[in-house]
Amino acid sequence: AGLGYPQLLTPPTSAGTLVRSGLRLPAPFQVPLSIPRVLEPVVRDADADRYEITARQAEAEILPGVRTPIWGYEGTFPGPTIESRRRRTTVVRHRNDLPVPTVVHLHGGRTPPESDGYPTDLVLPARGWRAGHHGMHDPDAVITQGSRDYTFPLEQRAALLWYHDHRMDFTGPAVYRGLAGLHIVRDDEEDALPLPRGDRELPLVITDRSFAADGTFSYPSLDRSLTRVPGVTEAYAAGVLGDVVLVNGAPWPVHEVSATRHRLRVLNASNARRYELALDPPPPAGAAFVQIGSDGGLLVAPREHRTITLAPAERYDVVVDFGAYPVGTEVTVVNLLGAGSTRDVMRFRVARAERDDTAIPPRLSEVEQLARGQAVVTRDFAFTSGRIGNRHGWLIGGRAFEIGHAAARPRLGDVEIWRFVTDLHHPVHLHLVNFQVLSRGGRPPGPLDGGLKDTVDLGPGEAVEVITRFDGYRGRYVFHCHNAEHEDMGMMATFETV
Ligand code: C2O
Ligand code: CU
């Protein structure tokens, strides 16, 4: 198989944290929060909304007064947001103006295999690459040059999805440089609820990055197509952590809100960092966060939390009632798992009173609960570290990712239980399906495990069982650890629906 590794350029320090040298960072809570722009379709025809997105090199002013080279969808980080209606086919022509191949995956999408972004289905750069010279040996790969049309039928519930690069062995460096954006699916069921909307609905894409003294992102790799520096260290193996927390691409931003309920649609798009978010001060009355949705859309009923923990790729849809605070309060979102510069996330300034007609209904949605007895098979997958040849790697069931080797062949329509065991923290993600958590550590699911999920965080030594029905499309998909560096270092496998 064509397994390779991201190559090291500068060695990381301990635990994967990179040290920045001599760059002026803004004080926290000075830079305004911005909301990624919603992209207009190029055409809305009878069958589909058609969009065009070009991945290209650009410069972004992430730190005030500093230019950072990025790879961005439409040249921005995060990329533009796409908004679709359930069952309205969305076709995105993704152009590749970058110097390296790309692969686009719609995370959380129920997508036919040819548009799901299998890691070898490359879009070669428009210029400077000859077809056939991409170093992959996959007879089933569908490789295009310059652009590719991805078709998303979106036969799925309203939910916050996101799109990001998914090229084999290079997802980490590509996403770190900026290749990620939101895709929101809406439907009538959700529209009928009296939830906060308009400027009281805020997508929050949380990432961490480190910057070098010249303002460039510090990522311990260069694409192997551009360099031949050998070696992978144990520190890299932990996953790449940054020391600057960005929300929607802005460092520790601040946002003014009215003293009303707001719907926060939080995505952890970091490569490897987990966050436990809390409000400081907590509201004088009521829960900090009322969770209304998960990765796969609305919960059956709201759940109250004091904190929410997000592993990479997880989404939480929560309502925060700023009406519980006196006008003038500054409410900081803190990360209880962080220290120093990664303790702060962002701040809300409760600026004015305003009328609030919103409510959180006690019943939000219907979700079919799958029962253990419906499963026709239980499969076991161990997520462990190990060696691949003479290098450190990450394995599923003792194997590193191998193109085309199916670790499971679920029959379409079957309900299955997948049991994951692990040595360390690994956020496990399945393409195509949403699942329900059946058990965690031999006990019932935890308070944050509710609803339909596509990514579940395994704690060290923890066994987690999930149950799902494999329906949708026939073909090959992947499941993997969503720590992007683990994914790139082998912790991915194929499943094929048959
Ligand atoms: Cu968010 Cu396979 O990915
Ligand atoms: Cu992992």
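## A parallel strand pair

Strands β26 and β33 (residues 492-497) run parallel and are joined by two bridges. Here a strand is a DSSP run of E with at least two residues, a helix is a run of H or I with at least four, and both are numbered from the N terminus. Alanine 406 has threonine 494 of β33 as its bridge partner.

The model is predicted: local features need pLDDT of at least 70, side-chain atom pairs count only at pLDDT 80 or more, and totals for chains, interfaces and linings use all residues. Residues are numbered from 1 along each chain as its sequence is written, while chains are lettered from A and ligands numbered from 1 in the order in which they are written.

## The five-stranded sheet

An open sheet of mixed pairing is formed by five strands in the order β26-β33-β32-β28-β30; two strands pair if DSSP finds at least two bridges between them. Because β26 (406-408) and β30 (455-458) are at the edges with a single partner strand each, one side of each has no neighbour in the sheet.

## Domains and their contact

An automatic or database domain assignment divides the protein into domain 1 (14-191), domain 2 (198-352) and domain 3 (372-497). The centres of domain 1 and domain 2, taken over C-alpha atoms, are separated by 19 Å. Their contact (C-beta atoms, placed from the backbone, within 7 Å) takes 47 residues from domain 1 and 49 residues from domain 2.

On the side of domain 1 that touches domain 2, the elements giving two or more residues are β3 (68-73), β10 (159-165), α1 (171-176) and β11 (180-186). Of these, α1 gives the most, with four residues.

Conventions
Contact = placed C-beta atoms within 7 Å.
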